[in-house]
Amino acid sequence: MMKKMTNFTQQEKKMQMQTIKGKERPRITPKRVVLTLLIFALMLLLPKIISNEYWLHVIIGTGIVSITVIGLRILMQTGPVSFAQAGFMAVGGYTSALLVMKLGISFWISLFFAGIVAACVGCLLGWPALRLKADYFFLVSFCMGEVIRLFFNFVGVDLFGGPTGLASIPPPDPVLGIEIISKTSFFYLVFLFVCLAMLLSHSIDRSRIATIFSAIKDRDDLAASLGINVIKYKVLAFGISCFLAGISGALYAHYYTCISPTCFTVTQSVNTLAYTVVGGIGSFLGPLLGTAFLRVVGELVRTFGDYEVMVAGVALILVVKGLPKGIISIPSYFRGSRNLNGK
Amino acid sequence: MILLNIDGITKKFGALAAVDNFSCDVIKGECHALIGPNGAGKTTTFNMIAGYLRPTKGKIFFNGENIAGLKPHVIARKGIARTFQIRVLFDSLSVLENMMAACHLKSSSVFIDMVFQTRHSHEENKRLEQLSLELLEIVGLSDFSEVPAGTLGHVAQGKLGLGMALAMEPQVLLLDEPVSGMTPSETEEMLHLIKQTLQRGITVLLVEHNMKAVMSVADRITVLDFGQKIAEGAPNDIINNPDVIKAYLGE
């Protein structure tokens, strides 16, 4: 009965197992713990190392957006790609800003509400839309993002401020007597939330949820035949990604102190998607790497003026062509263990 | 006892009736084969039973309950498992992870449990892994647990698909062309597994083109042609039925 199977020699089988393994869950090894702690220490010292206010500003912006990008990757683990994340950032940003400005609620509570409201809007819109095939969901999500932006542009001008948006949004309330106004203090605030988002993403990767997500991404029909409620998991992933986008939007609002619908255009969504793809969705570190890489490239080519977008576009094409699994996959090329099913 | 009662189902794609007023009973414990020329509507029937297509008309009773039009995952949870025609697996996952995904319903951990890695979820993971390894043992794939499912050979993929359906502990198993594209010896292996499945008391409904395989495993055969039932009965009656011969070979 097992003829076919036992035809492999032991050696052949061993080789096969070594070179091609299934998706690996991230493991916590001593080496990784040390590396994480080192990076952590470096990040904590960063404001001391970088005295240049401008670059600190760039890094804070990168951190804020990377939270949205981390969220988008969680959605993309189940298959669909969303073009609406800037819209959900807007929901979070407006929610938090209005709660603080009109109702005088503490920033720390409004931040949480920003995430919750964005997640609720996301689930409400995603529940019907995620039933569509991936390509069609992509198109619908494009409209979602635009509709949300136009909503803030035209509806309730008294409340949302119409095209001019909201200005003089107060900075976060002091915590433990520390005022969060300076760039350095904001850096630590954003750093904290990036860490929390990464922790969430990493926990999902380590859990069985990640297996279910990839299963749904691979074959949703097979997943359904195994009793897995595909829509539920897709909506869950979308909800989490919108929650993170909402948090990110709120941080954006309180850092830049003014928001308007023009902050959350399609360009922002395109960037979010580009950061995710360039970084690679194979690892929870991908989004952070992608965002940092493209942001820095963007800043370096800023002198090209109008050509900036073009340079970024070319960089995107090069990465997608040369590294379909994102820059996170570079180390595996050096290790020589290219995953054969990575297509 | 009639486990699955298909009552006059019709599926129209535009003007074309892929399945036309088809009725059929599947008795508990039997191996029932659904055969017919290409395009006869066999797979469409399967898809309607498993919930992937909503019948235009008609009802499907499972244990006396009408399941026509329910969602695939709901039907799967009621005890109807299926395999797919082309070897459909979660290609990027390892064989073990495929099986664990199939065992997902058996776990009592909820999302929050799993994300925060509580002790309960650790225990559940261990239990599921153990269960999956046992199931892989049954289908003879335990040596391949770490290999990505996409790189398995044809037969091994078929076995894994069957094993994953068995993980559902179904009452009825729908097999869509389980031995297509296999050599005679491979077919033997697969049929052996199907017979084992029947011995476990699982009712099997299968679609298959390989008549030799059908004859050796089926208790009863239903023949479809142009979406309509043209014959039903024991294997020996079917091969001598003039209508069936006409449908397969022409006048």
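Two residues are taken to be in contact if their C-beta atoms, placed from the backbone, lie within 7 Å. On that basis, 77% of the contacts in chain A with a separation of 6 or more are between residues 24 or more positions apart. The model is a predicted one, in which local features need pLDDT of at least 70 and side-chain atom pairs count only at pLDDT 80 or more, while totals for chains, interfaces and linings use all residues. Residues are numbered from 1 along each chain as its sequence is written, with chains lettered from A and ligands numbered from 1 in the order in which they are written.

Chain A has 16 helices and zero strands, where helices (H or I, at least four residues) and strands (E, at least two) are DSSP runs numbered from the N terminus. Of its 343 residues, 44% count as buried; a residue is buried if 20 or more other C-beta atoms lie within 10 Å of its own, exposed if 12 or fewer, and partly exposed in between, again with C-beta atoms placed from the backbone.

Chain B has an open sheet of six strands, ordered β6-β7-β8-β3-β9-β10, and the pairing is mixed. Two strands pair if DSSP finds at least two bridges between them. At the edges sit β6 (80–82) and β10 (228–233) of chain B, each pairing on one side only. From one strand to the next, the twist averages 20°. Three bridges join β6(B) to β7 (residues 172–176) of chain B in the parallel sense, and here A81(B) faces L173(B) of β7(B). Helix α7 (residues 184–199) of chain B packs on the sheet, touching β3 (31–35), β7 and β8 (203–207) of chain B, and its direction makes about 145° with that of β8(B). For such angles, axes are lines fitted to C-alpha atoms (for helices, over the stretch in contact), and values run from 0 to 180 degrees between N-to-C directions.

Now for the core. A nonpolar core is a set of buried Ala, Val, Leu, Ile, Met, Phe, Trp, Tyr and Cys residues joined through C-beta atoms within 7 Å. The largest has 164 residues, and those with the most contacts inside it include A118(A), I80(B) and V95(B). Helix α12 (residues 230–256) of chain A supplies the largest share, 17 residues. This core lies between domain 1 (2–86 + 173–249) and domain 2 (90–151) of chain B, because both give residues to it; the domain bounds come from an automatic or database assignment. Leaving aside neighbours within four places in sequence, V95(B) is in contact with several residues, among them L136(B), F144(B) and L160(B).
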